[in-house]
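Subject: Structure handover

Hello,

The structure is below, followed by notes on what was found in it. Please look it over when you have time.

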Amino acid sequence: MMSFVPLLLVGILFPAIPAKQFTKCELSQELKALDGYRGISLPEFICTMFHTSGYDTQAMVVNKGSTEYGLFQISNKHWCKSNQVPQSRNICDISCDKFLDDDITDDIMCAKKILDMKGIDYWLAHKALCSDNLEQWLCEKL
């Protein structure tokens, strides 16, 4: 019982990284500024993020020696820095764990760099699942 108390105190003093599970409409509001960026419509972004991360800012996927982080599933192989891949190019000049919190400002900035360099097809879900029938990804509340 005594060892439980220090563990409880650590949990209280150092809470977990705040995460956000967005709804379609909440994410549409957050990504509104991306509408039309590089010719990609907001419904395309919303669809792609749904199939990429399920709108979850704490989504992490280990994939053949690298890890993809957050809402946009940004890889530590090229875009951000992690201990797992110390030789990462870190093009977005950011620690990968910053993509796991509920502030998606830095996620969007890195996603724009990815779009500028690789295009929307960096996210494999886009071409396969988000190229047509996009009406379902519109949010009526905007």
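Rings of Phe, Tyr and Trp (its six-membered ring) pair if their centres lie within 6.5 Å; planes under 30 degrees apart count as stacked, over 60 as edge-to-face and the rest as tilted. By that rule, Phe72, Trp79, Tyr122 and Trp123 form one aromatic cluster.

This is a predicted model, in which local features need pLDDT of at least 70 and side-chain atom pairs count only at pLDDT 80 or more, while totals for chains, interfaces and linings use all residues. Residues are numbered from 1 along each chain as its sequence is written, and side-chain values use heavy atoms, with hydrogens and water left out.

Aromatic pairs

Across the whole structure, a search finds five aromatic pairs. One of them is Phe50 with Trp137: the ring centres are 5.2 Å apart and the planes are at 45°, so the pair is tilted. It joins distant parts of the chain, with Phe50 in helix H3 and Trp137 in the segment after H5, 87 residues apart. (Helices, H or I with at least four residues, and strands, E with at least two, are DSSP runs numbered from the N terminus.) Phe50 is partly exposed at a relative accessible area of 37%, whereas Trp137 is buried at 10%. Here buried means under 20% relative accessible area, exposed over 50%, and partly exposed in between (1.4 Å probe, protein chains only).

Phe72 and Trp123 have ring centres 6.2 Å apart and planes at 55°, so this pair is tilted. Phe72 lies in the loop between E2 and strand E3 (74-75), and Trp123 in the loop between helix H4 (105-118) and H5, 51 residues apart. Both Phe72 and Trp123 are buried.

Largest pocket

The largest pocket holds about 410 Å³ of space. Of its 17 lining residues, Asn63, Glu68, Ser75, Tyr122 and Leu124 are the closest to its centre. Helix H3 (42-53), strand E1 (60-63), strand E2 (66-69) and helix H5 (124-129) each give two or more residues to the lining. A pocket is an open set of points on a 1 Å grid over the protein atoms alone, where a 1.4 Å probe fits, with protein on both sides within 12 Å along at least five of seven lines; lining residues have an atom within 4 Å of a point. Grid points are joined across faces, edges and corners, and the volume is the space filled by probe spheres set on the points.

Regards
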